[in-house]
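Hi there,

Here is the structure I promised to pass on. Please have a look at it, and then read my notes below.

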Amino acid sequence: MNLIFEHGIWSFANAEIWVGIGLLIFFGILIAAGVPKIAAAQLDAKGAKIQADLDEAARLRAEAEALLAQIRKEKAEAEAQAAEMMAQAEADARRLEVESKAKLEETLARRQKMAETRIAQAEAQASAEVKAAAADLAAKAAEQILAARLAGGAKDPLLDAAIAQIGDRLN
């Protein structure tokens, strides 16, 4: 067995054996110093931090989704309110249009009636003026005829009857 340790792979003269022994001693020191516990604690802390970050991200996502849902709800309410306002405005516009049309028709009817009244008054006034002018003309003609008759002394029965009718026709 001495031969294996002296000349073979397990020989202390072999450099790889010393590297292996040094590595085992190094790992032993690391284990004795508690490096695996420290590394595990660091990994656990890092894992906990990552989990906390993931939890925070999930919480933030949930808040964002809730906020998005609230914003969508408010948007829908605002759109519904805007649609309601538009419908109300359209209804008001139609109502105002009907009222304006009715007022316009009423005003036009009133103005037409006033115009008809003025026309009737003008016709009546014109008729009265024509009758007055005719009466004046007839009176002047009768006056001239009477003056001529008195001057001539002759009587005309047809002329007397026409003069008598003039007064009846003018009134």
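**What I found**

Of the 171 residues in the chain, 4% are buried (buried means under 20% relative accessible area, exposed over 50%, and partly exposed in between, with a 1.4 Å probe and protein chains only). Please bear in mind that this is a predicted model, in which local features need pLDDT of at least 70 and side-chain atom pairs count only at pLDDT 80 or more, while totals for chains, interfaces and linings use all residues. Residues are numbered from 1 along each chain as its sequence is written, and side-chain values use heavy atoms, with hydrogens and water left out.

The chain has four helices and zero strands, giving the order α-α-α-α from the N terminus on. Helices (H or I, at least four residues) and strands (E, at least two) are DSSP runs, numbered from the N terminus. The chain exposes about 14,700 Å², and carbon and sulfur atoms supply 65% of that area. Accessible areas come from the Shrake-Rupley method with a 1.4 Å probe, and for residues only the protein chains shown count as cover.

**Salt bridges**

How many salt bridges does a search of the whole structure find? The search finds eight, a salt bridge being a side-chain nitrogen of Lys or Arg within 4 Å of a carboxyl oxygen of Asp or Glu.

Let me start with Arg-95 and Glu-99, whose side chains form a salt bridge with an N to O distance of 3.1 Å. Both residues lie in helix H3, four residues apart, which is about one turn of the helix. Arg-95 is partly exposed at 41% relative accessibility, and Glu-99 is partly exposed at 34%.

Elsewhere, salt bridges that share partners join Glu-56, Arg-59 and Glu-63 into one network. Arg-59 bridges to Glu-56 at 2.3 Å, N to O, and to Glu-63 with the closest N and O atoms 2.2 Å apart. Why are Glu-56 and Arg-59 separated by about one helical turn? They are separated in this way because they sit three residues apart in helix H3, which covers residues 35-152. Arg-59 and Glu-63 are also in helix H3, four residues apart, or about one turn.

**A nonpolar patch and a ring pair**

Leu-23, Phe-26 and Phe-27 form a nonpolar patch on the surface, with about 300 Å² of accessible area together. Patches are made of residues with over 30% relative accessible area and no salt bridge, where like charges are joined within 9 Å and nonpolar side chains (Val, Leu, Ile, Met, Phe, Trp, Tyr) within 5 Å. Phe-27 belongs to helix H2, residues 15-33.

There is one aromatic pair by the rule used here: rings of Phe, Tyr and Trp (its six-membered ring) pair if their centres lie within 6.5 Å, and planes under 30 degrees apart count as stacked, over 60 as edge-to-face and the rest as tilted. The rings of Phe-26 and Phe-27 have centres 6.1 Å apart and planes at 50 degrees, so this pair is tilted. Phe-26 is partly exposed at 44%, and Phe-27 is partly exposed at 43%.

Best wishes
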